[in-house]
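Please keep the sequence and the model in view while reading.

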Amino acid sequence: MAAVCQVTGAVPGFGHNISHSHRRTKRRFDPNIQKKTYFVPSLGRKVTLTLSVKGIKRIDARGIESVVADLQKRGVKI
């Protein structure tokens with residue numbers, strides 16, 4: 001599963017692990033990605049989305065209908 005949120009567009013960040021001796025090795029900061037299923041009354045079916053926790057909070061605040069409408073405007077396949 002790709003570490004990309006469909007609602008917020010959150011993607012992994014990159015940086016370094018720094019040891020006690022200050023050696024640097026590459027690392028990746030992944031967003032907290034979850035798979036969530038919502039029933040969308042306007043579509044008349046369930047929709048499974050790949051979301052970060054921030055995206056889940058946005059759906060809780062604005063509602064699934066509003067978020068799905070925005071996704072469809074952006075051309076995201078649902």
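## Contacts, hairpin and core

R27 lies over the face of F29, at 3.8 Å from the ring centre, where a charge counts as sitting over a ring if NZ of Lys or CZ of Arg is within 6 Å of the ring centre and within 35 degrees of the ring normal. The model is predicted, so that local features need pLDDT of at least 70 and side-chain atom pairs count only at pLDDT 80 or more, while totals for chains, interfaces and linings use all residues. Residues are numbered from 1 along each chain as its sequence is written, and side-chain values use heavy atoms, with hydrogens and water left out.

Strand 3 (residues 33–40) and strand 4 (residues 45–52) run antiparallel and are joined by eight bridges; strands are DSSP runs of E with at least two residues, helices runs of H or I with at least four, both numbered from the N terminus, and two strands pair if DSSP finds at least two bridges between them. Q34 stands opposite L51 in strand 4, and in the hairpin, with four residues between the strands, G44 takes a positive phi near 75 degrees.

The largest nonpolar core has 15 residues, being a set of buried Ala, Val, Leu, Ile, Met, Phe, Trp, Tyr and Cys residues joined through side-chain atoms within 4.5 Å. Helix 2 (64–74) is among the elements that each supply at least two residues of this core, and its four residues are the largest share.

S52, in strand 4, is buried at a relative accessible area of 5% (buried: under 20%; exposed: over 50%; partly exposed: in between; 1.4 Å probe, protein chains only).

| Residue | Touches |
|---|---|
| S52 | C5, T8, N32 and I33 |
| I59 | V7, Y38, L49, L51, I64 and V67 |

Note on methods:
Contact means heavy atoms within 4.5 Å. Lists of a residue's contacts leave out its neighbours within four places in sequence.
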